[in-house]
Amino acid sequence: MSDEDVDQEGMADEWAAAMAEQDVPDSAQDDIDAVLAGANDNVSPAPMDEFSPTLNQVDGAPDLDVIMDIPVRISMEVGNTEISIRNLLQLNQGSVIEMDRLAGEPLDVLVNGTLIAHGEVVVVNEKFGIRMTDVISPSERIKKLR
């Protein structure tokens with residue numbers, strides 16, 4: 001028997017002991033099993049109200065003023081890469097991680113994780129900023145949301 005088999009058996013014994021300590025009476029487990037077994041009986045979907053956006057009286061378009069003040073998270077992505085957990089744990093001060101993007105290539109501008117533009121880094125009043133070089137059209141952004 002290998003060490004791995006012994007570890008598995010020991011782990012199984014520990015789990016069995018932990019489960020025995022929970023003091024769940026068999027009748028309670030039977031009740032839970034009965035509820036789960038009959039979970040599909042007499043179940044009807046919850047009623048959903050139809051969404052009817054407020055229409056602008058002028059041109060019949062949706063009134064977007066109701067969402068204009070909702071905050072969103074905007075971020076810039078320099079690049080990304082995949083590394084193993086082993087390599088992740090070996091990172092320390094001074095480590096260098098190679099990204100999938102070339103130096104000088106435009107950054108991705110993301111809003112709530114959705115790509116909306118590309119841009120380049122600038123410095124404004126000693127703070128980093130981004131100059132948009134290519135913005136995705138509003139219609140394309142809406143298509144990406146669906």
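How many helices and strands does the secondary structure of the protein come to? The count is four helices and four strands. Both are DSSP runs, numbered from the N terminus: helices are H or I with at least four residues, strands are E with at least two. From the N terminus on, the order is α-α-β-α-β-β-β-α.

This is a predicted model, in which local features need pLDDT of at least 70 and side-chain atom pairs count only at pLDDT 80 or more, while totals for chains, interfaces and linings use all residues. Residues are numbered from 1 along each chain as its sequence is written, and side-chain values use heavy atoms, with hydrogens and water left out.

Start with the whole protein. It has 146 residues, and 8% of them count as buried. Buried means under 20% relative accessible area, exposed means over 50%, and partly exposed lies in between (1.4 Å probe, protein chains only). The protein exposes about 13400 Å², and carbon and sulfur atoms supply 54% of that area. Accessible areas come from the Shrake-Rupley method with a 1.4 Å probe; for residues, only the protein chains shown count as cover. Next come the contacts, defined as heavy atoms within 4.5 Å. Among contacts with a separation of 6 or more, 28% are between residues 24 or more positions apart.

Now the sheet. It is open, has four strands in the order β1-β2-β3-β4, and its pairing is antiparallel. β1 (74-77) and β4 (127-135) are the edge strands, each pairing on one side only. From one strand to the next, the twist averages 45 degrees. Axes here are lines fitted to C-alpha atoms, for helices over the stretch in contact, and angles run from 0 to 180 degrees between N-to-C directions. Two strands pair if DSSP finds at least two bridges between them. Strand β3 (residues 114-124) runs antiparallel to β4, and eight bridges join the two.

A search of the whole structure finds two salt bridges. The term covers a side-chain nitrogen of Lys or Arg within 4 Å of a carboxyl oxygen of Asp or Glu. Arg-131 lies in strand β4 and Glu-120 in strand β3, so the pair ties together parts that are 11 residues apart in sequence. Arg-131 is partly exposed, with a relative accessible area of 47%. Glu-120 is also partly exposed, at 37%.

Asp-108 and Arg-101 form a salt bridge too, with their closest N and O atoms 2.9 Å apart. Here Asp-108 is buried, with a relative accessible area of 12%. Arg-101 is buried as well, at 19%.

What surrounds Arg-101? Its place is in the loop between α3 (85-89) and β2 (107-111). Leaving aside neighbours within four places in sequence, Arg-101 is in contact with Glu-77, Val-78, Gly-79, Pro-106, Leu-107 and Asp-108. Its side chain reaches the backbone oxygen of Pro-106 at 2.8 Å. The side chain of Arg-101 also reaches the backbone oxygen of Glu-77, at 3.5 Å. With the side chain of Asp-108, Arg-101 makes a polar contact at 2.9 Å. A polar contact is a pair of N or O atoms within 3.5 Å; within protein, one must be able to donate a hydrogen and the other to accept it, and residues adjacent in sequence count only if both atoms are side-chain atoms. Thr-81 is 20 residues from Arg-101 along the chain, and their C-alpha atoms are separated by 9.2 Å.
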